[in-house]
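The sequence and the model come first.

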Amino acid sequence: MGRKVERMEKKIAVLAGDGIGPEVMAEAIKVLKVVEKEFGIAMAFEEADVGGCAIDKHGHALPEKTLDVCRQSDAILFGSVGGPKWESLPPEQQPERAALLPLRKIFDLFCNLRPARVYSALASASPLRPDIVGDGFDILCLRELAGGIYFGQPKGREGTGPKERAYDTMVYHRWEIQRIARKAFEIARTRRKKVTSIDKANVLTSMVLWREVVVEMARDYPDVTLNHMYVDNATMQLMRDPHQFDVLLCGNMFGDILSDQCAMLTGSLGLLPSASLGASDFGLYEPAGGSAPDIAGQGIANPIAQILSAALMLRHSFHREDAASAVERAVAETIEAGLRTADIARGAQRPVSTTAMGDAIAERVRRS
Ligand SMILES: NC(=O)c1ccc[n+]([C@@H]2O[C@H](COP(=O)([O-])OP(=O)(O)OC[C@H]3O[C@@H](n4cnc5c(N)ncnc54)[C@H](O)[C@@H]3O)[C@@H](O)[C@H]2O)c1
Ligand SMILES: CC(C)[C@H](C(=O)O)[C@@H](O)C(=O)O
Ligand SMILES: [Mg+2]
């Protein structure tokens, strides 16, 4: 079929984590094993402990050995971390703070792509009215991932009694805004050429700088339309008319919040993949949603976000557009064929298990 055969083996650090992480990860690996065979991409998968399960086994959410596995890999495929079991630990030891945020920071993965698109067969799974969903929409939530209030200093907690206080600081440097804005404009050029920059410049000084820098950067991209929107209005506009958006350029916290909203507007959080990228081909790929403790262990989680994250890895870290789009097509066709996990089943539709959804997608990749 004239497909390119990769000579170099791609090393993938597989960090499944907690809750539904291992369940959905198994389906993504299943699909990647078919890709390996059908598309001639040699892949070596190395599993490593992360999150709450790593705390239980090794006393730390991100053991040094896991970090070494990541350092020696071409990409990280990440599941999810956290859950009620570890919520009583001191905040800085909890899986999210002690594993996921350090991974993003250590590898300087500042650029987080969260593509939210409506599959035509799934339009009825969206909570939006049919006349609003229309033929569907396709929004790229582009989230700055290595700065902002998540990492800004100082942060802390001090004092006791009524005077006890706790604080976080929203900090953005010019260079941090420049590099994520450049990505937004470059990506918009490959799409519908529109960037909506989300801020709260009417209140937050860091967001005043955000807006100024985005305006400056836009001068290099006269072919791209730029507009600005306050984050509170954006939550409303996403419900009212999602079609007005192409690339949503967001800081770290606003992107976290708006991406969950975008996911649900497409039908479920279980559909939204993500790619966290830096300056090189290396990336971390994970579903936008979390460990879903409410459904973990039941075999009913939707594996699509994890499988689509693997597709993003094929595209962005391995530059295999052919394999990436084959996986995305297989997902679309499986949905067209009527398969639904519980989160996207509506009315009389009978939900299938996590494994059945993974099997069906893998089979379609095999036949592609
Ligand atoms: N990347 C990550 O590791 C990550 C991301 C978000 C939340 N978390 C952590 O996960 C834990 C639970 O957080 P939460 O409940 O706020 O958010 P969550 O994303 O885990 O779950 C929110 C809701 O979405 C549903 N959901 C999520 N993914 C799904 C899937 N694949 N299929 C079907 N339904 C799905 C869940 O069942 C739940 O009802 C917390 O510890 C949180 O910090 C981790
Ligand atoms: C688990 C948490 C630290 C994480 C975030 O806030 O970035 C998650 O919500 C996400 O969207 O990736
Ligand atoms: Mg989130």
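The model is predicted: local features need pLDDT of at least 70, side-chain atom pairs count only at pLDDT 80 or more, and totals for chains, interfaces and linings use all residues. Residues are numbered from 1 along each chain as its sequence is written, while chains are lettered from A and ligands numbered from 1 in the order in which they are written.

**The sheet**

An open sheet is formed by 10 strands in the order E2-E1-E3-E12-E11-E4-E5-E10-E8-E9, with mixed pairing. Its edge strands, E2 (43-47) and E9 (225-230), each pair on one side only. From one strand to the next, the twist averages 25°. Helices (H or I, at least four residues) and strands (E, at least two) are DSSP runs, numbered from the N terminus. Two strands pair if DSSP finds at least two bridges between them.

| Strands | Sense | Bridges |
|---|---|---|
| E1 (residues 10-17) and E3 | parallel | 5 bridges |
| E3 and E12 (residues 283-285) | parallel | 3 bridges |
| E4 (residues 111-117) and E5 (residues 138-144) | antiparallel | 7 bridges |
| E8 and E9 | parallel | 6 bridges |

Single bridge partners can be named in these pairs. Isoleucine 12 has alanine 75 of E3 as its bridge partner, and isoleucine 76 has leucine 284 of E12. The bridge partner of asparagine 112 is arginine 143 in E5. Threonine 196 stands opposite asparagine 227 in E9.

**Burial**

A residue is buried if 20 or more other C-beta atoms lie within 10 Å of its own, exposed if 12 or fewer, and partly exposed in between, with C-beta atoms placed from the backbone. How many residues of strand E3 (residues 75-80) are buried? The count is 6 of the 6, so E3 is largely enclosed by the rest of the structure. In strand E8 (residues 194-199), 5 of the 6 residues are buried, so E8 is also largely enclosed by the rest of the structure.

Phenylalanine 45 belongs to strand E2. This residue counts as partly exposed because it has 16 C-beta neighbours inside 10 Å.

**A helix pair**

Helix H6 (residues 174-189) and helix H7 (residues 205-218) have axes that come within 9 Å and cross at roughly 50°. Axes are lines fitted to C-alpha atoms, for helices over the stretch in contact, and angles run from 0 to 180 degrees between N-to-C directions. H6 and H7 are therefore oblique to each other; angles under 35 degrees count as roughly parallel, over 145 as roughly antiparallel, 65 to 115 as roughly perpendicular and the rest as oblique.

**The ligands**

A residue is near a molecule if its C-beta atom, placed from the backbone, lies within 6 Å of it. Around ligand 1 there are 23 residues, of which Gly82, Gly270, Gly289, Gly290 and Asn302 come nearest. This shell has 10 nonpolar, 9 polar and 4 charged residues. Ala, Val, Leu, Ile, Met, Phe, Trp, Tyr, Cys and Pro count as nonpolar, Asp, Glu, Lys and Arg as charged, and the others, Gly among them, as polar.

Glu96, Leu100, Leu101, Asp256, Ala288 and Gly290 surround ligand 2. By class, they divide into 3 nonpolar, 1 polar and 2 charged. Helix H4 (residues 95-106) gives the largest share of this shell, 3 residues.
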